[in-house]
Amino acid sequence: MTTKAKAKSAILEAVHETARDFHRLGFIEKRNMHKFDALCLDPVPDYDCEKIRALRDHLQLSQAVLAAVLNTSLSTVRKWEGGEKHPSGPSLKLLNLLDRKGLEAVL
């Protein structure tokens, strides 16, 4: 996995960069690279319905625009904000990126 996220420390950043290079060269399998990711990188926080709504309000976006930015459907965003579903995978990473860096980071 070639995720570019912030490492927990400078040492873990160096370890992760080395592992990423080994993975790119074929010396580390994808499954083992996921283990290095989990060890070295800060986990992406969960976003519940209140946190998603607060983020959307802070960015002054409608549900439809947030759905377009995240490349998901309007009904999915509605279900997240209603507590019926929870974001995961790429959507969770994009929400975290929006939260940390703002709208300009994903456009």
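I looked for nonpolar surface first. Phe22, Leu25 and Phe27 make a nonpolar patch of about 350 Å². The model is predicted, so I keep that in mind for every entry.

I then took the patch residues in turn. Phe22 sits in helix 1, which spans residues 10-25. Its relative accessibility is 39%, so I log Phe22 as partly exposed. Phe27 has a relative accessible area of 65%, so I log Phe27 as exposed. The cut-off for exposed is over 50%.

Next I searched the whole structure for aromatic pairs and found one. The pair is Phe22 and Phe27, with ring centres 6.1 Å apart. Their planes stand at 90°, so I note the pair as edge-to-face.

I moved on to helix 3, residues 49-59. Which of its residues are buried? I found Cys49, Ile52, Leu55, Arg56 and Leu59 buried. Looking down the axis of helix 3, I see the buried residues within an arc of 130°, so they line one face of the helix. Glu50 and His58 are exposed on the other side of helix 3.

What covers the buried residues of helix 3? I list helix 4 (63-69), helix 5 (74-82) and helix 6 (89-101) among the elements that do.

Last, I checked the backbone just after helix 3. Gln60 takes a positive phi there, about 55°.

Notes. Residues numbered from 1 in each chain as written. Predicted model: local features only at pLDDT ≥ 70, side-chain atom pairs only at ≥ 80, totals over all residues. Heavy atoms only, no water. Buried < 20%, exposed > 50% of the residue type's maximum accessible area, 1.4 Å probe, protein only. Helix = DSSP H or I, 4+ residues; strand = E, 2+ residues; numbered from the N terminus. Arc of directions from axis to C-beta. Contact = heavy atoms within 4.5 Å. Patch = residues over 30% accessible without salt bridge, like charges linked within 9 Å, V, L, I, M, F, W, Y side chains within 5 Å. Areas by Shrake-Rupley, 256 points an atom, 1.4 Å probe, with all protein chains shown as cover. Salt bridge = Lys/Arg side-chain N within 4 Å of Asp/Glu carboxyl O. Phe/Tyr/Trp six-rings, centres within 6.5 Å; stacked < 30°, edge-to-face > 60°.
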